[in-house]
Amino acid sequence: MTLRPRRLPIALLGAVLLAAATAVATIAVVHQERRSAAHQQQRLAEQSLGLLQRALTVTSDRLVDLGSLLATAPDLPQRRFQAAAAHLLTTPALASVSYVRIIPASQRATYERDHGPILADIRGTPSGPRLAYYPIVASVSRYARAPVGFDEGAAPHRLAAMQAAADLATTRATTPLQLASGTGAGIVLFTPVYRSGSSPTTVAARRADAIGFAVGVYRLRDVQTVVASLVPSNVAFGLSVDGQPAVARGDRMSHALSRTVFGAGHRWTVTVSRPAPNYGSAWTIIISGALLTIALGLLIFQASRRERYALELVAVRMAERDHAEAELGDAERRHRLLAENATDLILVFDPSGAITYASPACRELIGYAPEELLGRRPDEFVHPEDREHVVGARTRIVDDDGTVTVTSRLRHRDGHHVWTEARVRRVLDPASGKPVEGQAIVRDISERVAADQALRNSVERLAGAEQRFRTAFEAAPIGMALSDLEGRFIQINDALCAITGYTRDELADMSFSELSHPGDISLDEEMMRSLLSGEQTTYWMEKRFVDVVGQVVWVAVHATLVRAPDGTPQHFLGQIQDVSERVRYEAQLQHMADHDPLTGLLNRRSFERELNQHIRQVERYGPEGAALVLDIDRFKHINDTLGHNVGDELIVKVAQTLRARLRDSDVLARLGGDEFAVLLPRGGAAEAEAVAQAVLAAVRSQSVITPAGRRRSVTASIGVALFADTERLTAEDLLVNADLAMYDAKEAGRDRATTFTQHERGASRMKARITWAERIREALEEDRFTLYAQPIVELQSGEVRQHELLLRMLDEHNDVIPPAAFINIAERFDLMQEIDRWVVSRAIRHMGEQRRAGRDLVFEVNISGSSTGDPDLLTLIERELRTSEIDPVNLVLEVTETVAVANIPRAQQFAARLAELGCRFALDDFGAGFGSFYYLKHLPFDILKIDGEFVRSCTTSQTDQLLIRAAVDIARGMGKQTIAEYVGDHETLELLRRLGVDYAQGFHIGRPAPLEQRLALDQVR
């Protein structure tokens, strides 16, 4: 074949085509630049919108976390608030974080007295009158902090956002407004904080439960700065909230593009202009094309001269090609021989993907013979989860110079999958550049994958464990510390810094012994010795720390020695909890357990202990001394006519008078109510009589003021029991004797002292008691008992939810006899169990009648201590509940704390049996007994009734408020309810509501009345 050279016209055609290609390329580049500008505009809009959406989401989540902390500690100090909230400022453009409290109008004066005025603006203007105020109580900021006391509710936009957040239990934001800190315009986000720590289910409950808001503030200038960091300077952008412009840069919005997202109750719109296209590439192509066209014209001449020479050279190369093809055939035969014996699977497939060759290694790798694979596609054997990855390799093979490595799972003939690594190569036709075939070398890597996975799992577990420990260590609510084997700190958390007052850097240079009180350093040495010796694996102790200002802090320390895998000691891990409050409470409670809270005198239990000690001394050294019981005459009349406050003042004055009159060696106590007792450890009858007369004279010197302004004199009756008459008597017996003598003094005309003698023990008194016992039995037989009811109101809703039933006896003329006249006698003659059964039976039957009439009632019934061991009472309750078909949970049985403590096992059994029946158990007069808080862990109960002694004066006594709050916190922590008794006025009722008490009863809420009458009144109410 003769090769003929092509002439000049063909070359000129090439020059023309080059010029045309230059024009086409220029047009394509222009269009591409315009599309690129539009794409960049869309990307900038989406990035700006995404940044805004993430900021809103992150801020809302962190404010919710802060709100959870504030719900558990609403009175968080500024310093601790800053420590808890500072990390929120890592959110881009977030300027400040604050805590806003909800202060009802009725509490404004109290709040301003304790925290300063509530301000309407930063100039110090007081906030005007409203139903509620929203002052800032704590704040942390990058710039000027919003003034503490600033009323966020003074502005309608802020108030509307807060109300929406509280109603919907979610974060809500304002539209752009001037910030309270005076740092320009911004947007404020409010997250509600609920008292219960979680969102109630209804809007009304959320409004009632909301106590404040966690607040985040964005300055508009900061938002503009953050967005500007994403958007080039030549692009204009803007941000609007509900159509109101907030942020803008640039005046011209060429081909503006807007994106919108809804968040925090508003529509947020981001607008971005289109960047100017860059036509530099188009000009480059035009200039380059022109230069190439000129150069091509110059080369045409040279090309025509060399064409003949090229054709001759091609003929030579074709001969060489024929020789090379022969050699290639030989090489292919050698390669096929290698493939047949290779351990890796070798595949060859055509451009459509069908297998044209498979080496014998396929039998071992996937269980198929080579001929079974011919014509099939490798995709058929790929695991479904890896198929997309394998298909994508076809695209990557073009970008990776025709070769790519693919890791996937292939299905074996028996069904299991084999991890493989395939080196895939695309073979192209040298002439056309089109794919001719594909070649793949497939290797089994199952063992390598398994080893890699095991290594990754191990690393992930180790990293996870380390992260969990670090998180638990840093975020622990108690102090955590790592120390070396000499006790020096290696690592500490923020809680330990808060306990000691030292910073992390200061503690890093200290040790346990340097923090310890000098008297407790030996405890640290004992702890380390015990742990290092292996005597104990963990060590617990209570000790004293000395904080940064030199104050003593009681802490509970739980220490553990951390050892290396070979058992070598590495370091100590200590957990430190501040128990100062508990130690202080225990000391106060111990004092309260031994003393009367009103007068500070010994209480009955402590006095009986003193009497028993003196009785043992008398038994050893002979009779000496006397016991006196003093009762203020007509005290009940003083209480009823002049009020309980006057009665309490009188009791305090009498206590002070007696303390001043008696000797230091004499023991003075208040037994309860208006009854006092005195132990005279020395002397006989004459000295006891002289002391009694002196005490009577001292009491006569006291008086009370009537409403008319007149002074009413006060007298007392005293009973004396000599230790000379005690023959194997207990302290209780001696007090009974003195008490009988005191009643003799009252019956003899009051304002006198009577000495008890065994021989003169009044037959008339015993006869009178027996007569009363007979009257009680007759009243039971003739059904002359009646029930009164006193309402119990739920403090949150203000509704009457239940009633306490009170017993009255009717005499032969149907006149009402109060329980104080017959209860003591009924207890002495073992009649209380029968009375309790009567009360419980009538209560359940009445509840059944009301239920059938469509009204569910909840009754609280008092029972005596003896009835807690009465099996017949439990049988009666079970029978009556079944007959009346009422919900057992509506029946609440009350036992006073002192009765329950007297026989804890019996009270536990009684409460357990009530729980089985479905009834509830209430502990009445809580706080009146010895070690009240201690016995809570042993006494099962559903309702805790706080003794009226703490309620009467709680509005003026910080101690009473502290004890009520402690009782509420303990009951709530145990999942129980609380009821406060003796609520006498509206101020007390409001204070109890703020302290978290669930229910209240007292004369201010409703006086006791006959059952039917009381229920009718409360139903109308």
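This is a predicted model: local features need pLDDT of at least 70, side-chain atom pairs count only at pLDDT 80 or more; totals for chains, interfaces and linings use all residues.

**Entry 1: α17 and α21.** I started with this pair, and α17 and α21 are roughly perpendicular to each other (angles under 35 degrees count as roughly parallel, over 145 as roughly antiparallel, 65 to 115 as roughly perpendicular and the rest as oblique). Helix α17 covers residues 604-621 and helix α21 residues 731-747; they pack at an angle of about 105 degrees with their axes 8 Å apart. For my own reference, axes are lines fitted to C-alpha atoms, for helices over the stretch in contact, and angles run from 0 to 180 degrees between N-to-C directions. Helices (H or I, at least four residues) and strands (E, at least two) are DSSP runs, numbered from the N terminus.

On the α17 side I listed Arg 604, Phe 607, Glu 608, Leu 611, Asn 612 and Ile 615, and on the α21 side Ala 731, Leu 734 and Leu 735; contact means heavy atoms within 4.5 Å. By class that contact splits into 6 nonpolar, 1 polar and 2 charged residues (Ala, Val, Leu, Ile, Met, Phe, Trp, Tyr, Cys and Pro are nonpolar, Asp, Glu, Lys and Arg charged, and the others, Gly among them, polar).

**Entry 2: provenance.** Residues are numbered from 1 along each chain as its sequence is written, and side-chain values use heavy atoms, with hydrogens and water left out.

**Entry 3: α25 and its partners.** Next I took α24 (residues 832-852), whose axis comes within 10 Å of that of α25, crossing at roughly 10 degrees. So α24 and α25 are roughly parallel.

Leu 873, Leu 874, Ile 877, Glu 878 and Leu 881 of α25 meet Phe 910, Arg 913, Leu 914 and Leu 917 of α27. I count 7 nonpolar, no polar and 2 charged residues there.

**Entry 4: the largest cavity.** How large is the largest cavity? Its volume is about 270 Å³. I see 21 lining residues, with Leu 52, Ala 55, Val 223, Val 227 and Leu 239 nearest the centre. α1 gives the most to the lining, 5 residues. By class, the lining has 18 nonpolar, 3 polar and no charged residues. For the record, on a 1 Å grid over the protein atoms alone, a cavity is a set of points where a 1.4 Å probe fits but cannot get out, and lining residues have an atom within 4 Å of a point. Grid points are joined across faces, edges and corners, and a volume is the space filled by probe spheres set on the points.

Note on methods. On a 1 Å grid over the protein atoms alone, a cavity is a set of points where a 1.4 Å probe fits but cannot get out, and a pocket is an open set with protein on both sides within 12 Å along at least five of seven lines; lining residues have an atom within 4 Å of a point.
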